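This report describes the fold and packing of one protein model. The sequence and coordinates come first, and the description follows.

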Amino acid sequence: MSIVVTGATGQLGRLVIADLLERGVAPGGIAAVVRDADKAADLAAGGVEVRVADYDTPASLKGAFAAGDRVLMVSANEVGRRIPQHIAVVDAAAEAGVALLVYTGVLGGPAADFVLADEHKATEEHILASGLPYVFLRNGWYTEVYTANLPAVLEHGVVIGNAGEGRVASAARADYAAAAAAVLTGEGHENRAYDLSGDTAWSFPDYAATVAELSGREVVYRDVTAAERQEILTGVGVPADFAAVLVDVDRAIERGLLAGTGGELSRLIGRPTTPLRETVAVELRALDA
């Protein structure tokens with residue numbers, strides 16, 4: 001029996017494996033499912049088993065799982081293609097007889113009414129139909145989704161959105177990784193769903209003010225209409241379909257759907273979630289390095 005992490009060379013997957021190792025899981029007890037073995041060479045060198053499989057190739061997934069494995073299924077990142085990809089993973093896990101399937105979904109679960117949630121809801125339904133023991137980790141927003149755009153924010157001195165005064169209860173990616181590791185190594189989580197979010201919700205004016213304070217530069221938030229945001233995003237090269245998804249997310253934020261601070265994430269990881277200010281500071285230092 002192994003603890004299996006899919007998407008293991010991605011940003012979340014690597015953090016989960018690092019957390020598992022810190023918790024004392026032996027490298028040989030961890031299996032990393034990856035598309036490209038070369039990208040996992042460092043994991044293999046450290047004693048982690050590498051299993052090559054591709055969400056887009058169902059036949060390859062037959063060797064990704066074994067009976068008794070505890071599996072973290074990291075959701076795919078190609079919006080619009082994820083339902084068949086996820087179905088292939090779930091079916092392979094069910095055929096193998098894994099002991100637990102942990103899935104990284106989206107905050108709100110079935111109640112989430114924004115477009116980005118649709119594929120996650122369909123995946124949860126398929127997992128339930130499979131009969132597998134499961135855990136749904138319904139992740140809120142990663143703070144790094146926003147700080148990844150800091151170079152552009154600092155260059156132009158503006159954060160642009162269509163979320164109004166809506167708030168986001170984000171947490172650091174490492175917080176969500178720690179929650180996944182806690183569930184994979186813990187007991188009593190089977191057939192439960194966790195709505196995971198940061199301890200504090202912030203608004204985009206708050207975010208702009210934090211960046212301004214920590215960078216020493218003038219940064220403001222400019223709220224625009226949904227149509228204006230769509231035009232801005234496509235104007236910088238974002239595909240129209242994905243731009244529409246981002247605009248829809250901001251509408252959801254404006255409605256308060258990503259502002260919940262229920263505390264389940266901090267309870268799972270046994271500590272407060274990482275504040276917005278701390279993640280911004282880390283990213284700014286990295287830019288200055």
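The model is predicted. Its open sheet is built from seven strands in the order 3-2-1-4-5-6-9, with parallel pairing. The edge positions are taken by strand 3 (49–52) and strand 9; each has a single partner strand, so one side of each is left without a neighbour in the sheet. On average, neighbouring strands are turned by 20 degrees against each other, direction ignored.

## Strand pairing and burial

Strand 2 is joined to strand 1 by four bridges, and the two run parallel. Across this pair, Thr 6 has Val 33 as its bridge partner in strand 2. Strand 2 is also joined to strand 3 by four bridges, again running parallel; here Ala 32 is opposite Val 50 of strand 3. Five of the five residues of strand 2 are buried, so this strand is largely enclosed by the rest of the structure. The burial applies to both faces: Ile 30, Ala 32 and Val 34 lie on one side, Ala 31 and Val 33 on the other.

Further along the sheet, strand 5 and strand 6 run parallel and are joined by six bridges. Within this pair, Thr 104 is opposite Leu 137 of strand 6. Strand 6 is mostly covered, with six of its six residues buried. One of its faces carries Tyr 134, Phe 136 and Arg 138, while Val 135, Leu 137 and Asn 139 are on the other, and all of these are buried.

## Helices across the sheet

Helix 7 lies across strand 1, strand 4, strand 5, strand 6 and strand 9, and runs at about 160 degrees to strand 4. Its 13 residues should span 18 Å at 1.5 Å a residue, and the end C-alpha atoms are 19 Å apart, which agrees. Of these 13 residues, 11 are buried, so helix 7 is largely enclosed by the rest of the structure. The buried residues are Arg 173, Asp 175, Tyr 176, Ala 177, Ala 178, Ala 179, Ala 180, Ala 181, Ala 182, Val 183 and Leu 184.

Helix 4 lies across strand 4 (70–73), strand 5 and strand 6, at about 160 degrees to strand 5. Thr 123 belongs to this helix, which covers residues 118–130. Thr 123 is buried, with a relative accessible area of 3%, because the cut-off for burial is under 20%. Its side chain makes a polar contact of 2.8 Å with the side chain of His 86. Leaving aside neighbours within four places in sequence, the contacts of Thr 123 are Met 73, His 86 and Tyr 103.

In soluble globular proteins, nonpolar side chains tend to be buried together. The largest nonpolar core here has 35 residues, and those touching the most other members are Val 16, Ile 17, Leu 20, Leu 72, Val 102, Leu 137 and Leu 196. Among the elements giving two or more residues to this core are helix 1 (11–22), strand 1 (3–6), strand 9 (192–196) and helix 11 (264–269). Helix 7 supplies the largest share, eight residues. A second, separate core contains 30 residues, including Leu 107, Phe 114, Ala 117 and Val 219.

Not counting residues up to four places away in sequence, Leu 72 touches Val 4, Val 5, Thr 6, Val 16, Val 102, Thr 104, Ala 180 and Leu 184.

Val 71 is part of strand 4 and is buried, at a relative accessible area of 0%. Between Val 71 and Ile 3 there are 5.9 Å from C-alpha to C-alpha, although they are 68 residues apart in sequence. With residues up to four places away left out, Val 71 touches Val 4, Thr 6, Phe 65, Val 98, Leu 100, Leu 101, Val 102 and Leu 184.

Asn 191 is located in the loop between helix 7 and strand 9. What is its accessibility class? Asn 191 counts as partly exposed, at 44% relative accessibility, because that class lies between 20% and 50%. Its phi is near 60 degrees, a positive value in a residue other than glycine. Most residues other than glycine have a negative phi.

Terms used: Residues numbered from 1 in each chain as written. Predicted model: local features only at pLDDT ≥ 70, side-chain atom pairs only at ≥ 80, totals over all residues. Heavy atoms only, no water. Core = buried A, V, L, I, M, F, W, Y, C linked by side-chain atoms within 4.5 Å. Buried < 20%, exposed > 50% of the residue type's maximum accessible area, 1.4 Å probe, protein only. Contact = heavy atoms within 4.5 Å. Polar contact = N/O pair within 3.5 Å; in protein donor to acceptor, adjacent residues only side chain to side chain. Expected span 1.5 Å × (residues − 1). Pairing = 2+ DSSP bridges. Axes fitted to C-alpha atoms, helices over the stretch in contact; angles between N-to-C directions.
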